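This report covers packing inside the chains and the contact between them.

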Amino acid sequence: MKPKFGVVVFPGSNCDHDAYYALKKILGLDVTFLWHKDTNLQDCDVIVLPGGFSYGDYLRTGAIARFSPIMNSVINFSQKGGHIIGICNGFQILLEAQLLPGVLLKNKSLQFVCKDVYLSVENNETFFTKGLVKSKPLKIPIAHGEGNYFADSDTLKSLVKNNQIVFKYTSSDGKSDDESNPNGSMMNIAGIVNKGGNILGMMPHPERACNPVLGKNDGSLVLGAIVKNFMN
Amino acid sequence: MKEPEVNLSLALEHGFTEEEFDRVKKILGRIPTFTELGIFSVMWSEHCSYKNSIALLKTLPRSGGKLLVGAGEENAGLVDIGDGLAVAFKIESHNHPSAVEPYQGAATGVGGIMRDIFTMGARPIASLDSLRFGSLDDAHTRFLFDGIVRGIGDYGNSFGVPTVAGEVYFDESYQGNPLVNAMAVGIVKIEHVASAIASGEGNPVMIVGSSTGRDGIHGATFASEEISEKSEAKRPSVQVGDPFTEKLLLEASLEIIKNGWLIGIQDMGAAGISCSTSEMSAKGNSGMKINLSKVPLREKGMTAYEIMLSESQERMLCTVKKGFEDKVKEVFEKWDLHCEIIGEVTNDGLLHIDYEGENKAVVPAYELVLGGGAPVYYRDSKEPEYLKEVRAFDFSTLPEPKNISETFLKVFSSPNIVSKRWVYEQYDSMVRTNTIVGPGSDSAVIYIKENNKALAVKTDCNSRYVYLNPKEGTKIAVAESARNIVCSGGVPLAITNCLNFGNPYKPEMYWQFKEAINGMGEACRFFDTPVTGGNVSFYNESPNVAVYPTPTIGMVGLIENLNNITTSFFKDENDLIFILGEDFEELGGSEYVKIIHGKVAGDSPNINLAVEKNLHNTLLQLINEGLIKSAHDISEGGVTASLAECCIINKEKLIGAEVTIPVKSREDFSIFSESQSRIIISISEENRSKVEKILEGKNQPFYFIGKTGGEKLIFNKKFTFELAQLSDIYYNTISRIMNE
């Protein structure tokens, strides 16, 4: 059976409709919005924390959203092995909720940056990435002011050791270097999973690269892989 | 607190003329109260009343075609795009606030124009920004540039509307008085269009959104005077933006509009509660009884005067159908926003304002508003002296450059020509997942999910041309916007305008304004693109200089068939390159003469509207028949700069070209001429005869100039440029200047 997706709507979420549209209209899946004041996850199989500026992000990105009533349910869900994907602001919220290790600092340029980037799939054994090919980088856009991944050296070592780094920023031919790093992230990290492998956080927006009308399709590979892996 | 005594000297301080103050007394039959004086002063300010411009604006084509509401009737223009949908769009200036507080000034400019769109019931789908600054060599300019771009980015990014197009120009005339013109575009189902009206005696009046503070008091008055050293002290007149609250306000407003619980809704921008209560009442031939004690305040001890004049952002005034108050409240509570009943609609035509148990104002709403009692002036106009001098310039006296290659690279490096990547990468241009063509092409193309069509949107104005010839220059601004829309495969629908000029009390300034309006009217009638509304910003003068007259055009076009979407860059090797249109070696106001010879001189290029229209029709036919691979307008910098862009605009696939550019009298003149009504197209070789036949049939002048291919741009067999070098100049010049 195909998974049912739930897209959480925080006040200030602004990629909630984009995620909904990509999952529902492009991939033809069952999707529902989950309101931040509610606690019922409505039997969803995969929870999406979408991009945006939850609560305005005036304090620190994601810092307030993690205290939303729905987040208690999301945390419980994750402890039972439930699948969660946090995109952009959603990734920031997952870090604030300590469901994933590390922090996201202001971009090295100190500027917001929106553009298409290339990602290498570093680990294609996870629930989220199984079936994606490592040899060809994915072209998926980013749009954030605070996407500069930082962690202390022990955390970083453990991420590497446990194969938790899932996506890295690269050039179009797959080179991961300073030039292809859009925000200063350590090791060009663009997305990671938790140790349990059921929670993914990523700065790039796969939901923005799903509609062939927009000339970008690689995002649907990522979302499509999740569906396939759920069904297997 | 004791209120100041109202007399002539206080009225003059509020910006009234003696004559206007007499008129206020006559309307009321008495001396106004202090609160009333404040209300009249903001409502009769240039910013709200358009008193020095409205007479001329009324000469523009303001209705007809697919317009669903006439210009000025609602918060934004509304155009039918079929399938039961309409597009709402408008452009507005935020120049004065941005000059003294660039970040918040620009941010609240974006916020204000977004509210104008969603008060129509439309969901904003795109944002555009037309920006003008002094020279980038100047540190203060770089400070303003950085702050304004950040302000626009932070507001739009958080609010969640993609910023997809616009323009940025640099010229000394904008030193100290930058222009920030923000445009927004929204989509609405025609059955859900909302109106800014109050009617039905006893219907409740509600204020929703943010609380009211002391920020922005007299912002409208501040925007109605020249910028001077004293302007810095007016920083408190600049409002502070909160995109998060605006996002909530958007969702809540669209929800209550869709449910049909409203009579009307208007945003609170300039002149706050004064403006929204009086305009909504006047529109519905009604009045309002308002109790200011009910307004949620964010500061203690505010007076009635301050509450009426506050320009705190992210607020709306709603008139609600009696009985639906609780439903409306419920929605705003869901979004954690204030929603208070502050009064009711009356049928006596009066604004009746009470505060803390006292009556503070009783004013006929009609007398306050534009189109009602607000003054209307025709100013004296006089052709400025400078025109004779600049137009007498003889271009043959310009020395011919010794090294054309070096000269080209210098012109091509001009911040006016190079990519504005440093700007647009700071904007989220993709949120809402409708951006088919984003920033950096001739116009942006936005997908309409509801009907599988697309909109092409663009802002445009070359103000140097307008300075040299206000009438022809403005026609060019309209023509070029339309050309950009057509190059993207769209059919031009309508325009909105943002008219940035100097002090209208100076006859020379008013003459420029009058000429520009005449030119705009002529061009818009010719292209059948009516004016849906817009904004006038006068007093764009700093102590040393007035800005170039800048009538920014915001245009929207419709792409019915997604296959028609066309982009500007070369697609494949070995394609044929044609120039459509004639060169007349026109250098007036050109980037070449400014950058290389340090002059802004001559007359603007000639514009023949019939020739232009024929070009559009021809190109649209070629696009319709699927014969075009790329189309790019020839503009600033001339044909070579545009060719270079065709080679490198697709960063991921640079494609060179070898071309021969027809030379008339002088090579530099032909290369850098900015003659209008010209487009570069590329086609595949197999379509050559079909294309030529159509061009000949349409009497469209054209020149085959060469082929695409390779890693170099080579022209006239002797000038060779590596694409890597051109690309580096194009994409990195501005960031290098800003990161120094």
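Which residues of the largest nonpolar core touch the most other members? In this predicted model, they are Ile47(A), Phe167(A), Phe145(B), Phe412(B), Leu643(B) and Leu726(B), in a core of 173 residues. Setting aside residues up to four places away in sequence, Ile47(A) touches Gly6(A), Val8(A), Leu34(A), Leu41(A), Val74(A), Phe77(A), His83(A), Ile84(A) and Ile85(A). Another core lies apart from the largest one and has 47 residues, including Phe21(B), Met43(B), Met288(B) and Ala304(B).

**The interface**

Between the two chains, 31 residues of chain A are in contact with 32 residues of chain B. The size of an interface is often given as the accessible area lost when the parts come together. Here chain B and chain A bury about 2,600 Å² between them, and carbon and sulfur atoms give 57% of that area. Of the area that chain B buries against chain A, 24% is supplied by Phe244(B), Met430(B) and Thr433(B), more than by any other three residues.

Polar interactions also cross the interface of chain B and chain A. Twelve residue pairs are in polar contact there, with both residues at pLDDT 80 or more. Four elements of chain B each supply at least two residues of the side that touches chain A: helix H8 (139–159), helix H10 (243–258), helix H13 (325–334) and strand S14 (435–437). Among the elements of chain B, H8(B) gives the most to this side, with five residues. By residue type, the side of chain B that touches chain A divides into twelve nonpolar, eight polar and twelve charged residues. The rule also finds three salt bridges across the interface; one of them joins the side chains of Lys139(A) and Glu652(B).

The table lists two side-chain pairs with their distances.

| Pair | Interaction | Distance |
|---|---|---|
| Lys139(A) and Glu652(B) | salt bridge, N to O | 3.4 Å |
| Thr126(A) and Thr129(A) | polar contact | 2.6 Å |

**A loop residue in chain A**

Is Thr126(A) buried or exposed? Thr126(A) counts as buried because its relative accessibility is 8%, and the cut-off for buried is under 20%. Thr126(A) is placed in the loop between strand S6 (113–121) and strand S7 (138–144) of chain A. The side chain of Thr126(A) makes a polar contact with that of Thr129(A). Beyond its neighbours within four places in sequence, Thr126(A) is in contact with Val166(A), Val193(A) and Asn229(A).

Terms used
Residues are numbered from 1 along each chain as its sequence is written. Chains are lettered from A and ligands numbered from 1 in the order in which they are written. This is a predicted model: local features need pLDDT of at least 70, side-chain atom pairs count only at pLDDT 80 or more; totals for chains, interfaces and linings use all residues. Side-chain values use heavy atoms; hydrogens and water are left out. Contact means heavy atoms within 4.5 Å. Buried area is the accessible area (1.4 Å probe) that two parts lose on being put together, summed over both. A salt bridge is a side-chain nitrogen of Lys or Arg within 4 Å of a carboxyl oxygen of Asp or Glu. A polar contact is a pair of N or O atoms within 3.5 Å; within protein, one must be able to donate a hydrogen and the other to accept it, and residues adjacent in sequence count only if both atoms are side-chain atoms. Ala, Val, Leu, Ile, Met, Phe, Trp, Tyr, Cys and Pro count as nonpolar, Asp, Glu, Lys and Arg as charged, and the others, Gly among them, as polar. A nonpolar core is a set of buried Ala, Val, Leu, Ile, Met, Phe, Trp, Tyr and Cys residues joined through side-chain atoms within 4.5 Å. Buried means under 20% relative accessible area, exposed over 50%, partly exposed in between (1.4 Å probe, protein chains only).
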